Amino acid sequence: MKLSDEARRVLDRTMAYNRVSPEAQAEIERVIAAMPQDRVLLYKNVVSNPIGDLPRYSVHICIQHMLTFVTFLTLAFTGLPIAFFEHSWAAPLNALVGGVDVSRVIHRTLASVMIFSMIYHVFTIVGGTVQKLMNGTFDLQRTILPVWKDVRDFQADFRYFFELADQRPEMDKFMYKQKIHYFAAAFGNLVMVISGSSFLFPEFWAAVLPAGVAANFQEMMRLSHPHEALLALFVIAYWHWYNVHLAPGRFPMQWTFLTGKITREHQMEEHFLEYLRNLVEIPEEREKLMDMLLARELVAIPEGEALAEPEPVRD
Amino acid sequence: MFAIVRTRREIGLVLACLILWPLAVPAQGAFEDDENCLMCHKYPKMGRVTDDGVFRSYYVMPHVFSRTVHRNVPCRDCHSYIKELPHRPVKVGVQCDSECHSIKNPATGKRFSHKPIYAKYIRSVHGRPKNARGPDRDKPYCVTCHTNPIYNPQEKQLPEHIVKRCVVCHEDRAFVENWYKHTSRRIREVKRDSRQIVQLCANCHGDQRLVQRHLKAARLEGRELGRKYPYAVESYLESFHGKVTHYGFKKAANCVDCHVDQDDYYLNVHFIRPSRDPVSPVSPERKLQTCRRCHKYADENYARLDPHPTSDIQDNPFRHYAEVIYGWVGDIVLVMLIGMALMETIGRWRDGVIWQIRKGSSWWRKSKRDRDRVI
């Protein structure tokens, strides 16, 4: 495969960050050269373990996801029947979670856990970034921060979905969809914390805000808390659960939130640039990929070179 | 002429009593009916249809009345206009500021009366004469809220061990039972709970036909009504206080917690004034003080927060438009997300993906683009 300029930059940068030896560099180049030019053929032909092959999330992120997952759903189930009490489902659901005397205690306790999870997450992200900066390995493109490339990826991905392009774009560790989701969740969490605090400490917010703003702020928070909760629930139910459970190839679920690992075919399809980094950082992955390509006779043959004898597939 | 009709009516009533005799409900534990009113009023079907087409029952359930707070008051202490039997048609009815002839206030020795409460009530925003006409007729009279309540309805039987103990000295069991009922009802809190209070107020303030009638009358008369009058109940239920009270939470403010001066609650609950009256606890002059009863760090800004929030454009345009925008954003986001998911599914499906990873891959179907997994 002849890498695109973008992919080449990522590969070179990663090799520089990892201080790759000339021998390893040559091996990486050999593997990349052997990859078929059509990336679709690449991810269609690899062998993947459903519970994940390649590292994606640290144990901290898995814990934070678990905390957010449990607190979000329980907060929604204890809060929504109070906010939307006039609906037929509200009273039975409220009774199911122990009635308002119990559910309000659960709601406030789990809100504290959710805030802890947010703080824990910020510390993890900031700590990881500082560490990478100190090691000189920080790569902005590898982070969740939106970059202009995401807009191009979005456009290119939809061209593929509409059959106007034959390949999905070469996306990074976090693709446009995940960045939208992440910042929507971060914004939503912040709104929920501020609006929730305006219910719990209305005197505080009235005291710190100017007289002309305090009443409108409270009204906005009263609207925001249930609306944001409902929106988040719909986004989770219709989109996040689609992406991680129902999307083709992901059913019944992606195990990443538990194992921290992503499947090989998924990494290649939606995070190709990150897969290139994996080839640099995980020598075994180079071997495995080469074996798979040889076994399926998919090795791209550079002009004037003969194909090496295929070796048996190891997994 | 009138005398003849009256005579016929009397004969009719007496005949009706005799005919209905077999239908009478047995007077279990009946009160002392010295005036013999039950001779007629014990019949369940006794009543008449009013000019408005409403059936008015005149049935007195002896076994229930004997357990009510008024069971020791002879009928004619309140129905004082009855001079003979069968009595004349009732024109005004019982007025709750009358004085009892038979019951004396043991503290003052005077004839017992609800006059002090009535005097407050009649000056309140709800005050009205017994047989008011026009819009005032919608206002609550005493019996709208007070339905001659039964002593401790949950306490079907008096605790025998207590009664037996009292009887040792007080000897008369009937006296002991009465005294127990009288005191226990007052010692145990039998006030309506928050949810019942909201329901009671909502009976009128949540009745949109009644509310619209009064808005129209006030407009015609050039009278001022409270800004929240059209949405008093729905806006309370929209507030945090209302939402948790709806589920039976007891610590959040209900209607009377804010609208009644708590200094002398049992008297002042009959003296609710409109918020434009400086006497009202929710008047601009006293609102902060009322908020501070629960929210002790409340300040002037806090008192500006709306305890009756609505999204009505007339009442709060800011909230109205904020809600409209929220609705649009929510709808657009959902449509876009579902659209994205759909496009992604169709696009990848066309290229040969299957739902679940099987044997190490999820690309086992044939692609329309002629580039399939090597099998």
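**Cores and chain contacts in a predicted two-chain model**

Me: Which residues have the most contacts inside the largest nonpolar core?
Reply: In this predicted model, the largest nonpolar core has 21 residues. Those with the most contacts inside this core are Leu42(A), Met268(A), Phe272(A) and Leu276(A).

Me: Which helix supplies the largest share of this core?
Reply: Helix H1 (5-17), H3, helix H13 (272-281) and helix H14 (283-295) of chain A each supply at least two of the core residues. The largest share amounts to six residues, and the helix that gives them is H13(A).

Me: With which residues is Phe272(A) in contact, leaving aside its neighbours within four places in sequence?
Reply: Phe272(A) is among the residues with the most contacts inside the largest core. Once neighbours within four places in sequence are set aside, its contacts are Arg39(A), Glu170(A) and Met171(A).

Me: Which helix gives the most to the side of chain A that touches chain B?
Reply: The contact between the chains involves 51 residues of chain A and 52 residues of chain B. On the chain A side, H3, H4, H6, H7, H9 and H10 each supply at least two residues. The greatest contribution, 16 residues, comes from H10(A).

Me: How do the residues of the side of chain A that touches chain B divide into nonpolar, polar and charged?
Reply: This side of chain A is in contact with 52 residues of chain B. Its residues divide into 32 nonpolar, nine polar and 10 charged.

Me: Are H10(A) and H17(B) roughly parallel or roughly antiparallel?
Reply: The axes of H10(A) and helix H17 (residues 317-350) of chain B come within 10 Å and cross at roughly 10°. Angles under 35 degrees count as roughly parallel. The crossing angle therefore makes the two helices roughly parallel.

Me: How many residues of the contact of H10(A) with H17(B) are nonpolar?
Reply: Residues of H10(A) including Leu223(A), Phe234(A) and Trp239(A) meet residues of H17(B), among them Val333(B), Leu337(B) and Ile338(B). Three residues of this contact are polar and three are charged, while the nonpolar ones number 16.

Me: Which residue takes a positive phi just after H10(B)?
Reply: H10(B) has 14 residues and reaches 20 Å from its first C-alpha to its last, close to the 20 Å expected. Just after this helix, a positive phi of about 70° is taken by Gly222(B).

How values were computed:
Residues are numbered from 1 along each chain as its sequence is written. Chains are lettered from A and ligands numbered from 1 in the order in which they are written. This is a predicted model: local features need pLDDT of at least 70, side-chain atom pairs count only at pLDDT 80 or more; totals for chains, interfaces and linings use all residues. Two residues are in contact if their C-beta atoms, placed from the backbone, lie within 7 Å. Helices (H or I, at least four residues) and strands (E, at least two) are DSSP runs, numbered from the N terminus. Ala, Val, Leu, Ile, Met, Phe, Trp, Tyr, Cys and Pro count as nonpolar, Asp, Glu, Lys and Arg as charged, and the others, Gly among them, as polar. The expected span of a helix is 1.5 Å times one less than its number of residues. Axes are lines fitted to C-alpha atoms, for helices over the stretch in contact, and angles run from 0 to 180 degrees between N-to-C directions. Angles under 35 degrees count as roughly parallel, over 145 as roughly antiparallel, 65 to 115 as roughly perpendicular and the rest as oblique. A nonpolar core is a set of buried Ala, Val, Leu, Ile, Met, Phe, Trp, Tyr and Cys residues joined through C-beta atoms within 7 Å. A residue is buried if 20 or more other C-beta atoms lie within 10 Å of its own, exposed if 12 or fewer, and partly exposed in between; C-beta atoms are placed from the backbone.
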